[in-house]
Amino acid sequence: MVVHVALTGATGFLGLRLLRRLLDTNRSLTVLAHAGSGDALHRITRFFELTGATEAFTSGLPARLRVVDIDLAQPRLGLSTRAFQELADGIDAIWHSAGSINLEGDLPELRRTNVEGTRHLLELAAAGSRRPVVHHVSTAFVAGARREGVAYEDELDDACGFENAYERSKYEAELLVHTWCREHRRPALVLRPSILVSDMPPHPELPSHPLLVIERILRDARGAADPHGPGRPRVRTVGHPHGHLNLLQVEHAAEVMVRLAGRTPSGGVDTYHVVHDRDVPVPTVVTLLEQLVPLSIELVATKPDAASALEALLDFYPGMTAYLAHRRRFDDTRVRSSLGPSATSAPVDLDYLWSGLAPPGRALAGSPDASVTAFPSARNA
Ligand SMILES: NC(=O)c1ccc[n+]([C@@H]2O[C@H](COP(=O)([O-])OP(=O)(O)OC[C@H]3O[C@@H](n4cnc5c(N)ncnc54)[C@H](OP(=O)(O)O)[C@@H]3O)[C@@H](O)[C@H]2O)c1
């Protein structure tokens, strides 16, 4: 039986890698592209060209990909009643990877895309006569503002609040998936990746990874606060010297997700933490940022009283800097017991991160990473 898959967010940082994996096993696919956001087929083709696909592969893409323009934020995804129903009836599985990952976005804007968008996608799945399976891409950061301890795959609550509106919107989207599954007696897969990274150098035609956004914010703040000032101003920011963050190679995350989708569903909501088995120490992230932006970052326990102009500017981005104080771990027992040791990925270290962030030809100064020990995951802790 031919299974027809539809994918949202296929032009995104993760979605492009999911698409690559899904094309390994699906002859054709429906791409639910962001209406009015540029030629999706062209952007997808450029990704494959830039990542070494053969001419034969890229020239075959127009015949393999059916592009349907949608807007997640609109009822019926912005489609006519008839087009919506035809789309729903033609699919067996929906991968929902589209979303807004704006860590500094406001809640109403994030809800439109992430929560209402998920609602509309679930309505599509409910309408489909072939009862399409839903694969929902969430985030490990639905764990919210709990900065210590262990976050488990079956947990979903707002007891600790959230570091930013993005986390809250993703939490609310997951709640919708649970309600939908109960009401429709349908299974769903919820995939919760941690922070996704790549060692592929930045390219203007490709979506950038989240740390690059942080680098741009720091650079802009540095330029605005002190355009002609001394070389490397000091900035104090709240963080923990023993903090650590989970960063995972985006290619590996996509592979794990597609493999998890091949498992027999339990019948309810199957939730998986798609995370690295070793966290990256916060000091490594700080070193990385200091090498990218001419700043000297000092981690402090509490917000400084007399903030400099630069510190005041960075204070506008609390949803981003909060992560420097994180020391929690994500338990991924379900992934490990489903996929075994093959779910383990290569180390993410300073060299790897530098490759994916630095302007072409700029070398990493020294090798401070050598002195920093990686933290074990929840499993090994
Ligand atoms: N990146 C990470 O580190 C990370 C970590 C954990 C979880 N996640 C989750 O993974 C998913 C994908 O993230 P990503 O990194 O691939 O993000 P991304 O690079 O920003 O891509 C977002 C995708 O969503 C599409 N999109 C945005 N608004 C839309 C709308 N209104 N209607 C239809 N499509 C829309 C975008 O299309 P255009 O490009 O055409 O606008 C793009 O294809 C998200 O759900 C995110 O929450 C990401």
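This is a predicted model: local features need pLDDT of at least 70, side-chain atom pairs count only at pLDDT 80 or more; totals for chains, interfaces and linings use all residues.
Local features need pLDDT of at least 70, side-chain atom pairs count only at pLDDT 80 or more, and totals for chains, interfaces and linings use all residues. Residues are numbered from 1 along each chain as its sequence is written, and side-chain values use heavy atoms, with hydrogens and water left out.

**Figure 1. Overall fold of the protein.** The secondary structure comes to 13 helices and 16 strands; helices (H or I, at least four residues) and strands (E, at least two) are DSSP runs, numbered from the N terminus. The C-alpha trace spans about 65 × 45 × 40 Å along its principal axes. Of the 381 residues, 51% count as buried, where buried means under 20% relative accessible area, exposed over 50% and partly exposed in between (1.4 Å probe, protein chains only).

**Figure 2. Buried face of helix 3.** Helix 3 covers residues 55–64, and Thr58, Leu61 and Arg64 are buried in it. Seen down the helix axis, these buried residues fall within an arc of 110 degrees, so they line one face of helix 3. The arc is that of the directions from the helix axis to the C-beta atoms. An α-helix has 3.6 residues a turn, so residues three or four places apart point the same way.

**Figure 3. Surroundings of helix 3.** The buried residues of helix 3 pack against helix 1 (13–25), strand 2 (29–34), helix 2 (40–50) and strand 3 (65–70), with contact meaning heavy atoms within 4.5 Å. Glu55, Ala56 and Ala63, on the other side of helix 3, are exposed.
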